[in-house]
Structure formats: structure tokens, C-alpha cells
Amino acid sequence: MLSKRTVIGLVVGTAIIAIGGYSLLSHIGTITINEDYVLGVGDTIPYTIPAPASTPQHLKIVGDAFDLKLQSPADGLQIPHTSYKKELTLDWVHLEDGETKILIQNTGNTELSITGKLIRSSDPIWFTFDLMVITSGMVIIGFSMGFTLRKPKGF
């Protein structure tokens, strides 16, 4: 017969393991980010997009005036520091694994709207975090199982 504390520990531990397992599965592969950002006058924003090979990227920038610098891995899209007015749409594909680095500075008199669909690699730190959550669920179950042991005579 399981004690009340054991059942509670089993339920809580199982729930934590299930949450960690679901999170682990959702962090495998690539992550799609739907970007919708407004950049104030005179502000600068850097983007770093780590992505696997053959990953399509889309970015649209709309504003009065802005500067852009883009470096894609290998022989991919390369844009040196260049000034633009009104609107710019960028579509490119990562030719090999690596990081695309983008630097956008609003040089106009109005806010800058940045929208896009960016596909990136999952961060490896999430794998470790998810394993820690699963392990904590196992520890909770282990401790709760200790409540089912009978005490020896004399205690």
C-alpha cells in the first residue's frame, strides 16, 4: 500500500518529467521566429541568427532611412555597411551551417519597422536545461518512494 505522500510525490514527479520531456522534444531541430520589432529614432539593433545549411530567411525593413550591414556564412549574402531609404526586403538562404550577423541602425526621423520570418538552430543550453528538469522529476519520485518503506522495529 502506498502512502499519501508517496502518491503525491509520484504524481508531481511524473508531471515534471512529462513537462521536461515535452520541452526536450520541442527544442529539437530548428526554431521559427516571427519577428515584429519597432526601432526608435537613432537606435541600433544587432541580430545574430545561427542556422543550419539550406535554411531560408526573410527580413523586411520599412522606415524613413536606415543603415544595414549583413554577413552571412561562407559565400552567402554579404552586404557591407550601406544606407537605405524607405523599404528593403531581404530573402536569403544559409549556404552552410553558421551565423548570419545583421546590424541595423535607424538614421531617419521616424520609427523603423522590422518584420520577418527567421529560422534558427536551437540553443544547446536548452538541452541541458531540459535534462535537469527531467532529472529533478526523477529525484522527487525517488524521495517519495522512501515514504513507502516501513520503519524497522525499535524506531
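Analyst: Gladly, starting with the aromatic rings. There are 2 aromatic pairs, where rings of Phe, Tyr and Trp (its six-membered ring) pair if their centres lie within 6.5 Å; planes under 30 degrees apart count as stacked, over 60 as edge-to-face and the rest as tilted.

User: What makes the pair F66 and Y84 stacked?

Analyst: The ring centres of F66 and Y84 are 5.7 Å apart, and their planes meet at 25°, so the pair is called stacked. The partners come from distant parts of the chain, 18 residues apart: F66 is in strand β3 (residues 56-71) and Y84 in strand β4 (residues 78-93). Strands here are DSSP runs of E with at least two residues, helices are runs of H or I with at least four, and both are numbered from the N terminus.

User: Is F66 buried or exposed?

Analyst: F66 has a relative accessible area of 0%, so it is buried. Buried means under 20% relative accessible area, exposed over 50%, and partly exposed in between (1.4 Å probe, protein chains only).

User: Why are W126 and F129 called edge-to-face?

Analyst: Their ring centres are 5.7 Å apart and their planes stand at 90°, so that pair is edge-to-face. W126 and F129 both sit in helix α2 (residues 124-145), 3 residues apart, which is about one turn of the helix. With 38% relative accessibility, W126 is partly exposed, and F129, with 44%, is partly exposed too.

User: Before going on, what kind of model is this?

Analyst: It is a predicted model, in which local features need pLDDT of at least 70 and side-chain atom pairs count only at pLDDT 80 or more, while totals for chains, interfaces and linings use all residues. Residues are numbered from 1 along each chain as its sequence is written, and side-chain values use heavy atoms, with hydrogens and water left out.

User: Thanks! Which elements does the chain have, and in what order do they run?

Analyst: The chain has 2 helices and 6 strands. From the N terminus on, they run α-β-β-β-β-β-β-α.

User: What stands out about K86?

Analyst: K86 has a positive phi of about 70° although it is not a glycine. Most residues other than glycine have a negative phi. K86 is found in strand β4, and its 55% relative accessibility makes it exposed. Leaving out residues up to four places away in sequence, K86 touches I61, V62, G63, D64 and F66; contact means heavy atoms within 4.5 Å.

User: Where does S54 lie, and what is its phi?

Analyst: S54 lies in the loop between β2 (44-51) and β3. Its phi is positive, about 65°, although S54 is not a glycine. The relative accessible area of S54 is 58%, so it is exposed.

User: How do you know whether P73 is buried or exposed?

Analyst: The relative accessible area of P73 is 9%, so P73 is buried. This residue is found in the loop between β3 and β4. Not counting residues up to four places away in sequence, P73 touches H94, E96, D97, G98, E99 and T100.

User: And L95: buried or exposed?

Analyst: L95 has a relative accessible area of 52%, so L95 is exposed. L95 is found in the loop between β4 and β5 (98-106). Leaving aside neighbours within four places in sequence, L95 is in contact with A53, D75 and G76. The C-alpha atoms of L95 and D75 are separated by 7.2 Å, although the two are 20 residues apart along the chain.
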